[in-house]
Amino acid sequence: MEVILLTGSTINEGRLAKGGDKFTDDYTMECASCWISPVDFASLCSPDKVKVTSRNGKHSIVVYTKCTDAVQPGQVFMPRAIWSNVIIDPDTLSTGSPLYKGAPVTIEPTDEEVLSAEDVVLKVYIGGQ
């Protein structure tokens, strides 16, 4: 399903990040998540996890799902953290800031593993995948 990705801070993400808890299960559960509207969640058959893939197909990450009325159909929200940064295009279009809001992505149900923050660094960034 093609959707528009919005990212931003959440209260819990900020609390955990500022508290130095980026390697905890609480941080992973808060930030390795994709908030999906009930309509889109149902059309995906209510998955526990989705793979979020960049428009060009070069980058993807598996995250937990959160069904919520806080987002509109056709849009998803991810807390701005290492998981969303994997799929955000680093090109700033000469603005000095990547496109954190409005990036087209694809989401699909998956049974793949959700990586911890440490594993994202080790497997995605250091591993070059």
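Q: What is the relative accessible area of Glu112?

A: This is a predicted model, in which local features need pLDDT of at least 70 and side-chain atom pairs count only at pLDDT 80 or more, while totals for chains, interfaces and linings use all residues. Residues are numbered from 1 along each chain as its sequence is written, and side-chain values use heavy atoms, with hydrogens and water left out. Residues are called buried under 20% relative accessible area, exposed over 50% and partly exposed in between, computed with a 1.4 Å probe and protein chains only. Glu112 falls in the partly exposed class, because its relative accessible area is 38%.

Q: Which residue does Glu112 meet in a salt bridge?

A: A salt bridge is taken as a side-chain nitrogen of Lys or Arg within 4 Å of a carboxyl oxygen of Asp or Glu, and a search of the whole structure finds one. The N to O distance in this pair is 2.9 Å, and the side chain that Glu112 meets is that of Lys51.

Q: In strand 6, which residue is the bridge partner of Lys51?

A: Two strands are said to pair if DSSP finds at least two bridges between them. Within strand 6, the bridge partner of Lys51 is Glu108.

Q: Which residue in strand 6 stands opposite Leu6?

A: Strand 6 also pairs with strand 1 (residues 2-8), in the antiparallel sense and over five bridges. In strand 6, the residue standing opposite Leu6 is Lys101.

Q: In what order do the six strands close into a barrel?

A: The chain holds five helices and six strands, and from the N terminus on its elements run β-α-α-β-α-β-β-β-α-β-α. The pairing in the barrel is mixed, and the six strands close in the order 1-5-2-4-3-6.

Q: Why is the ring pair of Tyr27 and Trp83 classed as it is, and which class is that?

A: Rings of Phe, Tyr and Trp (its six-membered ring) pair if their centres lie within 6.5 Å, and planes under 30 degrees apart count as stacked, over 60 as edge-to-face and the rest as tilted. By this rule the count comes to two aromatic pairs. For Tyr27 and Trp83 the ring centres are 5.9 Å apart and the planes stand at 45 degrees, so the class is tilted.

Q: How many residues apart in sequence are the parts that Tyr27 and Trp83 tie together?

A: Tyr27 is buried, with a relative accessible area of 4%, and Trp83 likewise counts as buried, at 0% relative accessibility. Tyr27 lies in helix 2 (residues 25-31) and Trp83 in helix 4 (residues 82-87), so the sequence separation of the parts they tie together is 56 residues.

Q: What phi does Cys45 have?

A: Cys45 is placed in the loop between helix 3 (38-43) and strand 3, and at 65% relative accessibility it counts as exposed. Although Cys45 is not a glycine, its phi is positive, at about 70 degrees.

Q: What phi does Ser46 have?

A: Ser46 lies in the loop between helix 3 and strand 3, and it is partly exposed, with a relative accessible area of 41%. Although Ser46 is not a glycine, its phi is positive, at about 55 degrees.

Q: How far apart in space are Pro73 and Asp40, C-alpha to C-alpha?

A: Pro73 is found in the loop between strand 4 (60-67) and strand 5 (75-79), and it counts as partly exposed at 46% relative accessibility. Pro73 and Asp40 are 33 residues apart in sequence, while their C-alpha to C-alpha distance is 5.9 Å.

Conventions: Helix = DSSP H or I, 4+ residues; strand = E, 2+ residues; numbered from the N terminus.
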